[in-house]
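This report covers a two-chain interface and then one residue away from that topic. The structure is shown first.

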Amino acid sequence: MKYIYIVSLLLFLVVTSCDESFLERPSQNNPTEENYYNTAAEVNGATGLLYNKVWYDYQDKAFHAIGEALGGNMLTANDPNYGGLVYNKFTFTSSDVLVASSWASLYSVVGASSSLIQTLENKKAKVSDPAYLIQGIAEARFMRGVAFFFLARAFGDVPIVDDPVAFASSGVFDSPRYLQADVLRYVLEDLQYAEANLANEASQKGRVTNLSASGMMAKVYLYMGDYANAKIKAGLVIDSKKYSLYPDYNEMFTSSKANNNVESLFAWQWIAAGGYSIGNPIQAYCGTQALLKPTTGAGWGSVIPTIDLIESYDPLDKRKGWSIMQQGFFRKDWTNINFPNGYTYDTTSIGGDEAFKTKNGSRANAMKYVVGPGSNGENVNGTSTDICTYILRYADIELIYAEATLGNDGSTSDGAALNAINDVRTRAGLPDLTLITKDDILTERRHEFAFEGDYWFDIQRQGFEKAKEIISNQERGSYDFNGKLQSEKVTLSSPDQMFLPIPQTDLTASPMLREPAVPYYK
Amino acid sequence: MLKQIYRSLCIASVFFLLSHTFAFSQSRLVTGKITDETGEALPGVNVIKKGTTVGTSSDVNGTFSIEADNDDILVVSFIGYAPREIAVLNQTSLAITLKEDVSTLQEVVVIGYGSVKKTDVTSSISSVSEKDIKNLPVAGIDQALQGKVAGVTITSNGGQPGGGISINVRGITSVNGNQPLYVVDGVILNGSRSSIAQDQLGGMAGQNVQSPLAAINPNDIESIDVLKDASAQAIYGARGANGVVLIKTKSGKAGEPKITYDVYYGIQQLRKKLSLMDLKQYAGYQNSLVPEIRAAGNSLDTLAEFKNPAVLGRGTDWQDEIFQQGSIQNHQLSFSGGKDKTTYYTSFNYYKNEGIVIGSNFERFNIKLGIDQQVKPWLKTGVNLNVSKSNQKITLTDGSDAVISLAVYNSPAAPVRGLDGQFASVSNIGGSNFGNPNNPVALATMRNVRAIQYKAFGSLYTDINFLKSFTFRNEVNYDFNLGQNSAFQPLVQNTTTGATILSPSKLVEDRTTALFWALKNYLTFDRTFGKHYVNVVAGHESTLSNFDQITTSRQNLTNNLQSINAGSATNQTISGGKYLTAYESYFARALYSFNSRYSISGSIRRDGSSSFGPSKKWGVFSAVSAGWTLSEEEFIKNISVINHLKLRAGIGSVGNSNTANQNNAYVTNVSLVAISPFGNGAQNFNVGNPNLQWESVVTKNLGIDATVLNGIIDFSVDVYQKVSTKMLVQAKLPVYSGLNSGNTYNPVQPPVTNAGKMTNTGIDISLTTNNISKGSLTWKTNFIFTHYKNVLNDNGGVPQPAYREYGNAIQVTNSPSGQAVGSFYGLKTDGLFRTQGELDAFGSANSNNQLAVGPQGIYLGDIRFKDINGDGVINSLDLTNIGSPIPKFTYGMTNTVSFKSFDLSILITGSYGAKILNYTKRLTEGLYNSYLNQSTDVLNRYTAENPNATIPRYNQWNDNNRRLSDRYVESGSYLRIQNVSLGYNIPRALLNKTKFTSARVYVSAQNLKTFTKYSGYDPEIGAYNNNVFNMNIDDGHYPNPRTFTIGGNFVF
């Protein structure tokens, strides 16, 4: 009898072990390309992430180090995170941290967008109504276009890979650099597709529309020096009357309540709850230790306004007080364990009182994207906050319009152009201009967009000689502990310094990148 | 097809079994006496009826009695003596003499799915027995093997109690993980264990891959066999590519019940402190910088407090603050025995290790139970159960902001605590801030990062013998793991100064369930026909791993309670993962040996894995090997000095289907993202590769075994070539492809492809000499030597770089085709700029370097780099290979001396030719910030007054001198007295008055003395998180401790 049990057991084991489907183990953890992207909601979920973490490594530190420190608006800490002082001094090299992270982040936007575009294109043939797929493709192409625009600004001539799957399977991981002008043309193609296929009204607040694409094109044309087209596209946005200036400039940058307001054409979307890589980290770099550290653990004040910027404001310009914290600044709604009745910015430190006072090299901290320690209901999660990063706002459209109207002329008194720039100035508390010069616009842009990652590119597009002149006149020094100015002047020595070098790792991997750039469009 | 054949085979075997009739005969009592060659009675000798587990053991007088009949054969065995087989026939009283065993040839070697006599081995296998690893104060078996196995390079990844170990069997097999397959009593163990990376609490991740074997009790081990070449591994085809470590644990033996108690207790110390400046030296150093900094146009004043360094105290010694005296203890209690048809072994173990860095410890409880039952003369079953709980507390190490790094550059002017006893943050002295805001003592002691693991593994088996030569085995293996990882940080504030020390309060809880089971059925035919010996094994195996994980975190914990419930729901996170992996295999092996002279063995295995797409699931792996025992040939037999001589040769292939961090890499997976703009998000996780297939490793092996001079010298030499192709690598595409896993936040992972080729060629030598064996004095030496050369012939198209620091900024290794994997990558130094002429020459040649000549640029005393590509400019094109972390050879030597009741063993291990990247030196000799502490070596830095110095000048203006270069690459060669152990066996005469059968007490020292030129804490570094691209990087690494223990082994 016992044998029969054993035999049955053995037979049972033998038979069960030979089940045909034993090795078929489709993922239980996640869906796959085959069974996903079947609804508009699923595609929207995928495009939504393109407003977020793919940009993070650029937003994190490069945003300021490249967009502002090179431009002379901010000083970075002498700290390995910023590669020392290389951006203050224009001594960056191909092995610098933020050179690599800018490159990586911007190309990851390209890669994620291209991968999604491909997936959605493949899906088109399998569905009856591809409208939701086309909307998704248009949004992804918008993002890819903007990413290449950023790349062309920061690095000049860059490679273009828009079929990552083909690239990965080619086995030849090398590519030439393409001329900056061709990269910008490529950007325009993406934006044109977006302009033609994006909805006129955003399905959700904060998503880009066809006018976001038009506005972005205006900016690209401006950088290309194609003022006629820049004016047309900016005019298109102005004439639509869908956008206007947000009345409370300060709130726009210190409260997530103002996210995706009437002025915002395109903004990166951040969510504090997602933490590192999903939330906006800027306040940890700009805000002070006294304000933030007790609650969030962070708050380094590692990028601060330059003395040069602080002193460049017109006394009437309210944007200075809305953008910068200086001695005596007070916010009642920012409280923490050391400031139970509101935060006062105090630079009178005598040492040992860092928990209460802040005494840095310019005695000032940038306020844009600083939302406080969460005491006023702002969602704060370690270094992360909810506040969106403005990439294109209506003020920019107005200033592009004015600049495009001016074009290559010495000055203009065009009514529409004056209306545009004076609209921006009125909010800032400044008197109207009656005549506009190139320098007026540059100064206006410096103060309107201070700490928004754009100023270096505004200088850069003036050309090497003009940039050299602007940079060499800037005070890039700081005050020592006793208040004595340690002056620091920087002179550009080579047009090479206008663009970041290609990061070392890719240079090693792809020797063709060292060759002179070639045309993309034959 | 195969399945059907297999199925009919299985069924047929069962019918065979049924049709067989079993004969039984009457037993009677047989008695005997066992003596050695001098006539001395031998107690404790095992006497077992062959083919059964029925047996007994001899008593103090060497006598025994056993029920047996005329057909029975008694197997008489005792450690150190050659076993004998005695036919009972019609005898009732036996006189048995055992001879001391001069060779190890009679030993049985465990191979996959069976065992084989050492004489019949045709492949490369190294064996280690219990006595070789006994009493070593280590948490895991892996570490105990250090210096004992030729061909296996074992490096501790640091002194973290329960921490990781890098084991490379014959070089570096693959770019994606090299941990061998561990098989304990037939159970394949899950190969990874890690704690929560500490970047979740802020800062850097640190080393978080821990030793998977730390959960297993080394005291239960009977023997370890390492399968080194493909002909041995092929039977584990699919999973054997990185080598196979077969571990056999203790089981009960027939005979008197035995109670054993093993205990040791020890203390652990830091082997060496770095020579860093104390407050006096530091104040003097800071004063000396004033003119240098002023000369460059910046301001720095001599602090009033530092004006007279002689009156200052020593300040804070941060090394003393973070290092402590550790302790280690181990208790093992076991019961074993067997009577009639049942044998059993059970043990209880407790192990605890308090580390030498504050805040680190490891604790483990183990219970083992094994029972074997001879149900019928033809049927044997058994169960084997191992249960353990391990609890590890991890201190953050290996990172520039981790505890050790923070401590080495923290200023001696900064206190650990304020006058009120609370942790201090930065301290202001005369208007300048000293000290790191991250207090390393607070970081180490206030954070609570733990890895707790509950593990149960073992097997159930049934052996059925039929038709004399056949055995059918059915075995079920299981390995269940429950992981309970947590990372906790309280909010710590100094209420006096208002300074925040640690913030915010946060708790991360991680629970994993890893369940694994395997079902094996195999048939063994084992028979000797005259001079012919045949052993054939064929079978089927299926395994399934089920991994399930959930991670959650909350912040702002009320009252700093370490509880998820105490946290705020705002910003809470939750995530999980669920993966199933299945393997199915058919395997067969045949061994034939003629007259113990010629033997040949072949094996084949067909494996299927769920990790590959429909058309690529299956892989076939095979091997063949042969052995020729020359010493059995007439022309050698007459050479009296040669006792044994054998040649072996083999070739075979094995595979790997481990696709690193991608589970279903053959399809494009979509990740769902809960926290995302505009509601639930999703993203393509990877680029699917439907053509993905098995990685392949082909090994050729040639070996020679010899015993000469009457067993005085016993050696074994193997040479091999191992070629890995079709490596499963995640394509490392250039960053501009938009697909690059080297960047943390890149959402789309590049495809996993079969790419590249790597070759390891090497030689393993093992030599044992019995130097003295005279009366009560014996002296034996065992020497092992391991050499391999690694060449990454083809890296799959793109060099594989590794980075340090935040933002992945600093590339530290590079692995281009044609070089050894993981070589350090940087500039070559060419001395210092010492004359204005040299500076001027540099200036004109380096218009593109962007560093102008001058006090704030490149200046006298700065490092000059070599222009490797000769283009006149120093830039990234001049980065080159600046040293390999792979040793030219490693070795181990064990000397065992016993004299009367004393035994002494000395283990020396060493490594020669490896380079270490002393990344810590970038901090301690960085000379870039006057507020950081430095090595005392910088007191001899370059200054105008000291123009012949080799250490560069102080330079806070640019990072020229800190660029990654051979300045930070040092020799990692060392010779270490790894273990010295002196034991005393309490003589039998004394024991007779007690209940003990035997008792031994000993003292031992581990890591006693290290001879090295390496300037850091410890030249034994290992691989950061077991990554082959991150070997020998000392970035605030946890040094291995020196341990002194005292212990005893008692048998009742």
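Between chain A and chain B about 8,900 Å² is buried, 60% of it from carbon and sulfur atoms; buried area is the accessible area (1.4 Å probe) that two parts lose on being put together, summed over both. Phe22(A), Leu23(A) and Arg25(A) supply 8% of the area that chain A buries against chain B, more than any other three residues. This is a predicted model, in which local features need pLDDT of at least 70 and side-chain atom pairs pLDDT 80 or more, while totals for chains, interfaces and linings use all residues. Residues are numbered from 1 along each chain as its sequence is written, chains are lettered from A in the order in which they are written, and side-chain values use heavy atoms, without hydrogens and water.

The interface counts are as follows.

| Item | Value |
|---|---|
| Contact residues, chain A (heavy atoms within 4.5 Å) | 109 residues |
| Contact residues, chain B | 106 residues |
| Salt bridges (Lys or Arg side-chain nitrogen within 4 Å of an Asp or Glu carboxyl oxygen) | zero salt bridges |

On the side of chain A that touches chain B, 49 residues are nonpolar, 41 polar and 19 charged; Ala, Val, Leu, Ile, Met, Phe, Trp, Tyr, Cys and Pro count as nonpolar, Asp, Glu, Lys and Arg as charged, and the others, Gly among them, as polar.

In chain B, Asp830(B) is partly exposed at 34% relative accessible area, the class between buried (under 20%) and exposed (over 50%), with a 1.4 Å probe and protein chains only. Leaving out residues up to four places away in sequence, Asp830(B) touches Arg864(B), Phe865(B) and Lys866(B).
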